[in-house]
Amino acid sequence: MKYALLLLALVSNLAIADQCQSDKLSIHKNFAMGRFNTCEVSAAGHYRLTLKPENLPINPSPWYALRLESSQAQQIELELLVEHGKPRYLPKVSVDKQHWQPVDYQIDGSSMHIQLALPKGTLWLAGQEIMDDEDYQQWQQQLEAKGLESIVLGQSVQGKPIEGLISRADSQDWLIMIGRQHPPEITGAMAMTHFVDEVMEESAQAMALRKRFNVLLVPNMNPDGVHAGNWRHNVGGVDLNRDWFSRAQPETQAVHSYLQKILADGGKIRFALDFHSTHRDVFYTMPTDYGLTPPELVDNWLAQLAEAIKPYPVNIKPGHNKDRGVFKQYIADTYGVHAVTYEVGDNTDRQDIANVARAAAQQLMDVLKTLP
Ligand SMILES: [Zn+2]
(Lines give C-alpha, C1' and ligand atoms only; values in the text may rest on other atoms or scores of the structure.)
Protein backbone atom coordinates (compact mmCIF):
# COMPACT_ATOMS: atom_id res chain seq x y z
CA MET A 1 0.00 0.00 0.00
CA LYS A 2 2.79 2.35 0.94
CA TYR A 3 4.55 1.55 -2.32
CA ALA A 4 1.35 2.06 -4.29
CA LEU A 5 0.95 5.54 -2.79
CA LEU A 6 4.55 6.36 -3.47
CA LEU A 7 4.16 5.18 -7.05
CA LEU A 8 0.98 7.23 -7.43
CA ALA A 9 2.79 10.32 -6.13
CA LEU A 10 5.63 9.71 -8.58
CA VAL A 11 3.30 9.21 -11.52
CA SER A 12 1.27 12.34 -10.81
CA ASN A 13 4.51 14.28 -10.46
CA LEU A 14 5.57 13.08 -13.88
CA ALA A 15 2.19 13.82 -15.42
CA ILE A 16 2.11 17.50 -14.42
CA ALA A 17 5.56 18.92 -14.15
CA ASP A 18 7.31 22.16 -14.85
CA GLN A 19 8.48 20.73 -18.15
CA CYS A 20 7.47 17.91 -20.51
CA GLN A 21 10.05 15.34 -21.40
CA SER A 22 9.77 12.21 -23.54
CA ASP A 23 11.91 10.38 -26.10
CA LYS A 24 10.38 12.28 -28.98
CA LEU A 25 9.81 15.72 -27.53
CA SER A 26 10.86 17.88 -24.63
CA ILE A 27 9.50 21.33 -23.80
CA HIS A 28 11.74 23.74 -21.90
CA LYS A 29 11.69 27.21 -20.37
CA ASN A 30 15.26 27.43 -19.09
CA PHE A 31 16.29 30.49 -21.12
CA ALA A 32 15.88 34.28 -20.83
CA MET A 33 12.16 35.17 -21.10
CA GLY A 34 11.27 31.44 -21.09
CA ARG A 35 7.96 31.07 -19.35
CA PHE A 36 5.10 28.66 -18.68
CA ASN A 37 4.10 27.07 -15.42
CA THR A 38 3.21 23.42 -15.82
CA CYS A 39 3.24 21.01 -18.74
CA GLU A 40 1.39 17.74 -19.10
CA VAL A 41 0.70 15.30 -21.90
CA SER A 42 -3.09 15.46 -22.14
CA ALA A 43 -3.42 12.87 -24.94
CA ALA A 44 -1.08 11.36 -27.52
CA GLY A 45 0.57 14.31 -29.24
CA HIS A 46 -1.39 16.81 -27.12
CA TYR A 47 0.39 18.95 -24.56
CA ARG A 48 -1.33 21.22 -22.04
CA LEU A 49 0.68 24.08 -20.58
CA THR A 50 -0.56 26.43 -17.90
CA LEU A 51 0.30 30.14 -17.78
CA LYS A 52 0.18 31.84 -14.41
CA PRO A 53 1.00 35.40 -13.38
CA GLU A 54 3.89 36.19 -11.07
CA ASN A 55 1.52 37.50 -8.37
CA LEU A 56 -1.93 39.00 -7.98
CA PRO A 57 -3.56 41.41 -8.52
CA ILE A 58 -2.19 42.00 -11.99
CA ASN A 59 -3.16 43.67 -15.23
CA PRO A 60 -3.25 40.35 -17.15
CA SER A 61 -0.87 39.98 -20.07
CA PRO A 62 -0.14 36.25 -20.18
CA TRP A 63 3.37 35.90 -21.56
CA TYR A 64 4.74 32.57 -22.73
CA ALA A 65 7.94 31.41 -24.35
CA LEU A 66 9.05 27.81 -24.77
CA ARG A 67 11.72 25.82 -26.50
CA LEU A 68 10.69 22.54 -28.11
CA GLU A 69 13.33 19.91 -28.76
CA SER A 70 12.06 17.24 -31.11
CA SER A 71 13.93 14.06 -32.09
CA GLN A 72 11.91 13.81 -35.31
CA ALA A 73 9.56 15.84 -37.48
CA GLN A 74 6.11 15.51 -35.94
CA GLN A 75 2.70 17.13 -35.63
CA ILE A 76 1.59 18.15 -32.14
CA GLU A 77 -1.14 20.19 -30.53
CA LEU A 78 -0.40 22.61 -27.71
CA GLU A 79 -2.99 24.02 -25.39
CA LEU A 80 -1.94 27.13 -23.47
CA LEU A 81 -4.32 27.49 -20.55
CA VAL A 82 -4.30 30.96 -18.97
CA GLU A 83 -5.04 31.31 -15.28
CA HIS A 84 -6.20 34.82 -14.32
CA GLY A 85 -6.78 36.33 -17.71
CA LYS A 86 -7.36 35.72 -21.39
CA PRO A 87 -4.79 35.06 -24.10
CA ARG A 88 -3.29 38.33 -25.37
CA TYR A 89 -0.14 37.52 -27.34
CA LEU A 90 -0.46 35.63 -30.62
CA PRO A 91 1.92 32.71 -31.14
CA LYS A 92 5.04 33.00 -33.24
CA VAL A 93 7.77 30.45 -33.97
CA SER A 94 11.46 30.67 -34.73
CA VAL A 95 14.26 28.21 -35.37
CA ASP A 96 16.99 30.73 -34.42
CA LYS A 97 15.24 32.99 -31.85
CA GLN A 98 15.87 35.95 -34.21
CA HIS A 99 13.46 35.51 -37.12
CA TRP A 100 9.83 34.83 -36.22
CA GLN A 101 6.74 33.73 -38.07
CA PRO A 102 3.12 33.68 -36.93
CA VAL A 103 1.43 30.29 -36.53
CA ASP A 104 -2.26 29.41 -36.61
CA TYR A 105 -4.17 29.26 -33.35
CA GLN A 106 -7.68 29.11 -31.99
CA ILE A 107 -8.78 30.88 -28.84
CA ASP A 108 -11.45 29.22 -26.75
CA GLY A 109 -12.15 31.19 -23.56
CA SER A 110 -9.00 31.06 -21.47
CA SER A 111 -7.26 28.57 -23.74
CA MET A 112 -5.24 28.96 -26.88
CA HIS A 113 -4.86 25.90 -29.12
CA ILE A 114 -1.93 25.72 -31.49
CA GLN A 115 -1.25 23.02 -34.09
CA LEU A 116 2.44 22.80 -34.71
CA ALA A 117 4.43 21.02 -37.38
CA LEU A 118 7.68 20.48 -35.51
CA PRO A 119 10.90 20.07 -37.40
CA LYS A 120 13.56 17.74 -36.08
CA GLY A 121 15.66 19.83 -33.69
CA THR A 122 14.87 23.08 -31.92
CA LEU A 123 11.83 25.30 -32.33
CA TRP A 124 11.05 28.34 -30.20
CA LEU A 125 7.47 29.40 -29.63
CA ALA A 126 6.57 32.67 -27.92
CA GLY A 127 3.89 35.34 -27.64
CA GLN A 128 6.12 37.95 -29.32
CA GLU A 129 9.62 38.09 -30.69
CA ILE A 130 12.05 37.43 -27.83
CA MET A 131 14.07 40.52 -26.91
CA ASP A 132 16.27 39.68 -23.95
CA ASP A 133 19.30 41.08 -22.20
CA GLU A 134 21.62 39.71 -24.90
CA ASP A 135 19.72 41.68 -27.55
CA TYR A 136 20.03 44.84 -25.45
CA GLN A 137 23.77 44.24 -25.01
CA GLN A 138 24.22 43.97 -28.80
CA TRP A 139 22.26 47.15 -29.43
CA GLN A 140 24.13 48.90 -26.64
CA GLN A 141 27.44 47.99 -28.28
CA GLN A 142 26.26 49.59 -31.53
CA LEU A 143 25.36 52.73 -29.62
CA GLU A 144 28.70 52.75 -27.80
CA ALA A 145 30.40 52.53 -31.19
CA LYS A 146 28.55 55.76 -32.04
CA GLY A 147 30.03 57.44 -28.98
CA LEU A 148 27.37 56.89 -26.35
CA GLU A 149 28.60 56.33 -22.83
CA SER A 150 27.30 53.36 -20.81
CA ILE A 151 26.52 53.88 -17.16
CA VAL A 152 24.92 51.85 -14.38
CA LEU A 153 22.13 53.75 -12.62
CA GLY A 154 21.52 51.19 -9.90
CA GLN A 155 20.64 47.56 -9.28
CA SER A 156 17.42 45.62 -9.74
CA VAL A 157 15.84 43.59 -6.92
CA GLN A 158 18.01 40.63 -7.98
CA GLY A 159 21.12 42.76 -8.35
CA LYS A 160 21.17 43.11 -12.13
CA PRO A 161 22.47 46.46 -13.36
CA ILE A 162 19.94 49.08 -14.45
CA GLU A 163 21.90 50.19 -17.46
CA GLY A 164 21.80 53.60 -19.05
CA LEU A 165 23.34 55.15 -22.14
CA ILE A 166 24.19 58.81 -22.44
CA SER A 167 24.80 61.00 -25.43
CA ARG A 168 26.49 64.11 -24.05
CA ALA A 169 25.93 67.62 -25.34
CA ASP A 170 27.50 70.95 -24.55
CA SER A 171 24.44 72.08 -22.64
CA GLN A 172 22.35 71.56 -19.54
CA ASP A 173 19.27 70.32 -21.42
CA TRP A 174 18.29 66.65 -21.13
CA LEU A 175 15.94 64.30 -22.95
CA ILE A 176 15.01 61.09 -21.14
CA MET A 177 13.78 57.85 -22.72
CA ILE A 178 12.95 54.67 -20.85
CA GLY A 179 11.55 51.30 -21.89
CA ARG A 180 10.51 47.84 -20.84
CA GLN A 181 8.90 48.59 -17.51
CA HIS A 182 6.49 45.84 -18.59
CA PRO A 183 8.43 42.79 -19.75
CA PRO A 184 6.22 41.36 -22.55
CA GLU A 185 5.74 44.72 -24.30
CA ILE A 186 8.05 43.94 -27.19
CA THR A 187 6.47 46.18 -29.83
CA GLY A 188 7.13 49.20 -27.61
CA ALA A 189 10.70 48.02 -27.18
CA MET A 190 11.04 47.75 -30.97
CA ALA A 191 9.73 51.29 -31.36
CA MET A 192 12.29 52.51 -28.84
CA THR A 193 15.21 50.98 -30.79
CA HIS A 194 14.06 52.55 -34.09
CA PHE A 195 13.36 55.90 -32.43
CA VAL A 196 16.74 55.99 -30.73
CA ASP A 197 18.54 54.82 -33.87
CA GLU A 198 17.04 57.79 -35.73
CA VAL A 199 18.18 60.20 -33.01
CA MET A 200 21.69 58.70 -33.19
CA GLU A 201 21.95 58.91 -37.00
CA GLU A 202 24.67 60.92 -38.72
CA SER A 203 21.98 63.14 -40.31
CA ALA A 204 22.32 66.93 -39.97
CA GLN A 205 19.10 66.96 -37.98
CA ALA A 206 20.20 64.29 -35.49
CA MET A 207 23.68 65.76 -35.06
CA ALA A 208 22.19 69.20 -34.32
CA LEU A 209 19.83 67.64 -31.79
CA ARG A 210 22.69 65.82 -30.04
CA LYS A 211 24.71 69.00 -29.92
CA ARG A 212 21.85 70.79 -28.19
CA PHE A 213 20.50 68.05 -25.88
CA ASN A 214 22.02 65.43 -23.62
CA VAL A 215 20.11 62.18 -24.04
CA LEU A 216 19.69 59.56 -21.33
CA LEU A 217 18.37 56.14 -22.40
CA VAL A 218 17.29 53.40 -20.02
CA PRO A 219 16.17 50.70 -22.47
CA ASN A 220 15.46 47.95 -19.96
CA MET A 221 13.94 49.21 -16.72
CA ASN A 222 12.95 45.74 -15.54
CA PRO A 223 15.79 43.30 -16.26
CA ASP A 224 14.65 40.76 -13.64
CA GLY A 225 11.09 40.73 -14.95
CA VAL A 226 12.30 40.46 -18.54
CA HIS A 227 14.57 37.53 -17.69
CA ALA A 228 11.81 35.75 -15.76
CA GLY A 229 9.25 36.25 -18.53
CA ASN A 230 7.00 38.12 -16.11
CA TRP A 231 3.62 39.27 -17.33
CA ARG A 232 3.97 42.79 -15.94
CA HIS A 233 5.76 43.21 -12.61
CA ASN A 234 9.32 43.33 -11.36
CA VAL A 235 10.39 40.41 -9.16
CA GLY A 236 9.32 42.47 -6.15
CA GLY A 237 5.78 41.85 -7.44
CA VAL A 238 5.22 45.52 -8.29
CA ASP A 239 4.06 47.25 -11.46
CA LEU A 240 6.95 49.69 -11.90
CA ASN A 241 4.73 52.08 -13.82
CA ARG A 242 2.65 52.56 -10.69
CA ASP A 243 5.69 53.09 -8.44
CA TRP A 244 7.07 56.44 -9.57
CA PHE A 245 5.79 58.45 -6.61
CA SER A 246 6.30 55.92 -3.83
CA ARG A 247 9.53 54.58 -5.40
CA ALA A 248 9.44 51.48 -3.24
CA GLN A 249 11.39 49.53 -5.89
CA PRO A 250 15.11 49.84 -6.63
CA GLU A 251 14.47 50.16 -10.39
CA THR A 252 12.44 53.38 -10.07
CA GLN A 253 14.76 54.64 -7.30
CA ALA A 254 17.76 54.21 -9.62
CA VAL A 255 16.31 56.40 -12.36
CA HIS A 256 14.92 58.97 -9.93
CA SER A 257 18.33 59.30 -8.24
CA TYR A 258 20.02 59.89 -11.57
CA LEU A 259 17.48 62.53 -12.60
CA GLN A 260 17.96 64.25 -9.25
CA LYS A 261 21.71 64.19 -9.83
CA ILE A 262 21.17 65.87 -13.21
CA LEU A 263 19.23 68.63 -11.44
CA ALA A 264 21.85 68.95 -8.70
CA ASP A 265 24.51 69.41 -11.39
CA GLY A 266 22.53 72.31 -12.87
CA GLY A 267 20.83 70.29 -15.62
CA LYS A 268 17.25 70.63 -16.81
CA ILE A 269 14.96 67.80 -17.86
CA ARG A 270 13.16 69.11 -20.97
CA PHE A 271 11.13 66.12 -22.22
CA ALA A 272 10.69 62.38 -21.60
CA LEU A 273 9.32 59.33 -23.40
CA ASP A 274 8.33 55.93 -22.03
CA PHE A 275 7.78 53.05 -24.48
CA HIS A 276 5.02 50.45 -24.00
CA SER A 277 2.63 48.15 -25.86
CA THR A 278 -1.11 47.76 -25.70
CA HIS A 279 -3.88 46.60 -28.05
CA ARG A 280 -3.41 49.57 -30.42
CA ASP A 281 -1.03 52.41 -31.25
CA VAL A 282 -1.68 55.39 -28.99
CA PHE A 283 0.20 58.31 -27.46
CA TYR A 284 -0.80 58.98 -23.85
CA THR A 285 0.01 62.63 -23.28
CA MET A 286 -0.32 65.22 -20.53
CA PRO A 287 -3.07 67.78 -21.19
CA THR A 288 -2.02 70.96 -23.00
CA ASP A 289 -3.39 73.11 -20.14
CA TYR A 290 -1.63 71.14 -17.37
CA GLY A 291 0.87 73.96 -16.89
CA LEU A 292 3.94 72.31 -18.41
CA THR A 293 6.71 74.13 -20.30
CA PRO A 294 6.19 74.77 -23.13
CA PRO A 295 2.47 73.90 -23.14
CA GLU A 296 2.11 73.11 -26.86
CA LEU A 297 5.27 71.03 -27.37
CA VAL A 298 3.52 67.66 -27.63
CA ASP A 299 0.54 69.00 -29.59
CA ASN A 300 2.92 70.39 -32.18
CA TRP A 301 4.99 67.22 -32.31
CA LEU A 302 2.07 64.87 -32.83
CA ALA A 303 0.35 67.20 -35.33
CA GLN A 304 3.53 67.22 -37.40
CA LEU A 305 3.80 63.44 -37.06
CA ALA A 306 0.22 62.97 -38.26
CA GLU A 307 1.00 65.12 -41.29
CA ALA A 308 4.23 63.23 -41.98
CA ILE A 309 2.77 59.71 -41.89
CA LYS A 310 -0.80 60.26 -43.11
CA PRO A 311 -3.02 58.34 -43.71
CA TYR A 312 -1.47 56.24 -40.92
CA PRO A 313 -3.51 57.18 -37.81
CA VAL A 314 -1.99 59.05 -34.85
CA ASN A 315 -4.16 58.40 -31.79
CA ILE A 316 -3.68 60.85 -28.93
CA LYS A 317 -5.14 60.44 -25.46
CA PRO A 318 -4.40 63.28 -23.06
CA GLY A 319 -4.96 62.55 -19.39
CA HIS A 320 -3.56 62.80 -15.92
CA ASN A 321 -3.94 61.02 -12.62
CA LYS A 322 -1.87 62.18 -9.70
CA ASP A 323 -2.30 59.02 -7.68
CA ARG A 324 -1.31 56.28 -10.07
CA GLY A 325 2.47 56.55 -10.03
CA VAL A 326 2.88 56.56 -13.81
CA PHE A 327 6.22 57.74 -15.25
CA LYS A 328 4.80 60.51 -17.47
CA GLN A 329 2.89 61.96 -14.52
CA TYR A 330 6.01 61.77 -12.35
CA ILE A 331 8.02 63.67 -14.98
CA ALA A 332 5.30 66.30 -15.36
CA ASP A 333 4.81 66.85 -11.65
CA THR A 334 8.47 66.63 -10.62
CA TYR A 335 10.17 68.50 -13.48
CA GLY A 336 7.32 70.62 -14.93
CA VAL A 337 7.75 69.31 -18.48
CA HIS A 338 5.86 67.09 -20.88
CA ALA A 339 6.30 63.35 -21.00
CA VAL A 340 4.53 60.89 -23.28
CA THR A 341 3.73 57.21 -22.97
CA TYR A 342 4.45 55.88 -26.46
CA GLU A 343 2.22 52.82 -26.86
CA VAL A 344 2.47 50.44 -29.81
CA GLY A 345 -0.18 47.87 -30.70
CA ASP A 346 0.74 44.27 -29.91
CA ASN A 347 -0.01 43.29 -33.51
CA THR A 348 1.10 46.43 -35.32
CA ASP A 349 2.99 45.56 -38.50
CA ARG A 350 6.69 45.48 -37.65
CA GLN A 351 7.68 47.64 -40.62
CA ASP A 352 5.04 50.21 -39.61
CA ILE A 353 6.54 50.26 -36.10
CA ALA A 354 9.90 51.18 -37.60
CA ASN A 355 8.53 53.77 -40.05
CA VAL A 356 6.37 55.51 -37.45
CA ALA A 357 9.16 55.53 -34.83
CA ARG A 358 11.65 57.00 -37.32
CA ALA A 359 9.13 59.67 -38.37
CA ALA A 360 8.22 60.37 -34.75
CA ALA A 361 11.88 60.91 -33.90
CA GLN A 362 12.37 63.25 -36.89
CA GLN A 363 9.31 65.33 -36.02
CA LEU A 364 10.23 65.47 -32.33
CA MET A 365 13.73 66.67 -33.21
CA ASP A 366 12.16 69.31 -35.46
CA VAL A 367 9.95 70.57 -32.64
CA LEU A 368 12.66 70.41 -29.95
CA LYS A 369 14.99 72.67 -31.88
CA THR A 370 12.50 75.52 -31.34
CA LEU A 371 12.70 75.20 -27.53
CA PRO A 372 14.04 78.38 -25.93
ZN1 LIG B 1 3.05 48.94 -20.42
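## Briefing: a disulfide, a helix pair and an active-site residue

C39 is buried, with a relative accessible area of 0%. That places C39 below the cut-off, because buried means under 20%. The structure is a predicted model.

**The disulfide**

- A disulfide is a covalent bond between the sulfur atoms of two cysteines.
- How many disulfides does the count come to? The count comes to one.
- The angle about the S-S bond is -110°, and the link of C20 and C39 is left-handed.
- C20 sits in strand β1 (residues 20–21), while C39 sits in strand β3 (residues 39–43).
- The pair therefore ties together parts that are 19 residues apart in sequence.
- Is C20 buried or exposed? C20 counts as buried, because its relative accessibility is 4% and the cut-off for buried is under 20%.

**The listed active-site residue**

- An unreviewed UniProt entry lists E343 under "active site".
- E343 is part of strand β19, which covers residues 339–345.
- E343 has a relative accessible area of 11%, so E343 is buried.
- Which residues does E343 touch, leaving out those up to four places away in sequence? They are H276, S277, T278, R280, D281, V282 and Y284.
- UniProt also carries the annotation "domain: Peptidase M14", again from an unreviewed entry, for residues 129–368.
- Over residues 129–368, the chain is 41% helix and 21% strand.
- The end C-alpha atoms of residues 129–368 are 32 Å apart.

**Two helices in contact**

- Two packed helices are described by the angle between their axes and the distance between the axes.
- Helix α2 spans residues 133–145, and helix α3 spans residues 186–199.
- The axes of α2 and α3 come within 12 Å and cross at roughly 10°.
- Why is α2 described as roughly parallel to α3? Angles under 35 degrees count as roughly parallel, so the crossing makes α2 roughly parallel to α3.
- On the α2 side, the contact is made by Y136, W139 and L143.
- On the α3 side, the contact is made by A189, M192, T193, V196 and D197.
- By class, the contact of α2 with α3 has six nonpolar residues, one polar residue and one charged residue.

**Backbone exceptions**

- Most residues other than glycine have a negative phi, and most peptide bonds are trans.
- The peptide bond from L56 to P57 is cis, with omega near -5°.
- P57 is found in the loop between β4 (46–51) and β5 (65–70).
- The peptide bond from K310 to P311 is also cis, with omega near 10°.
- Where does P311 lie? P311 lies in the loop between α7 (297–309) and β18 (316–318).
- M33 is not a glycine, yet M33 has a positive phi of about 75°.
- M33 belongs to the loop between β2 (25–28) and β3.
- M33 is buried, with a relative accessible area of 1%.
- R180 is a residue other than glycine with a positive phi, near 65°.
- R180 lies in the loop between β14 (173–179) and α3.
- R180 is buried, with a relative accessible area of 2%.

**Exposure and distance**

- Q137 lies in helix α2.
- Q137 counts as partly exposed, at 26% relative accessibility.
- Q137 and L56 are 81 residues apart along the chain, and their C-alpha atoms are separated by 31 Å.
- L56 comes up above, in the cis bond to P57.
- E307 lies in helix α7.
- E307 counts as exposed, because its relative accessibility is 51% and exposed means over 50%.
- E307 and D135 are 172 residues apart in sequence and 33 Å apart in space, C-alpha to C-alpha.

Conventions:
Residues are numbered from 1 along each chain as its sequence is written. This is a predicted model: local features need pLDDT of at least 70, side-chain atom pairs count only at pLDDT 80 or more; totals for chains, interfaces and linings use all residues. Side-chain values use heavy atoms; hydrogens and water are left out. UniProt positions are given in the numbering used here, feature names are shortened, and annotations may be inferred rather than shown by experiment. Helices (H or I, at least four residues) and strands (E, at least two) are DSSP runs, numbered from the N terminus. Buried means under 20% relative accessible area, exposed over 50%, partly exposed in between (1.4 Å probe, protein chains only). Contact means heavy atoms within 4.5 Å. Axes are lines fitted to C-alpha atoms, for helices over the stretch in contact, and angles run from 0 to 180 degrees between N-to-C directions. Angles under 35 degrees count as roughly parallel, over 145 as roughly antiparallel, 65 to 115 as roughly perpendicular and the rest as oblique. Ala, Val, Leu, Ile, Met, Phe, Trp, Tyr, Cys and Pro count as nonpolar, Asp, Glu, Lys and Arg as charged, and the others, Gly among them, as polar. A disulfide is a pair of cysteine sulfur atoms within 2.5 Å.
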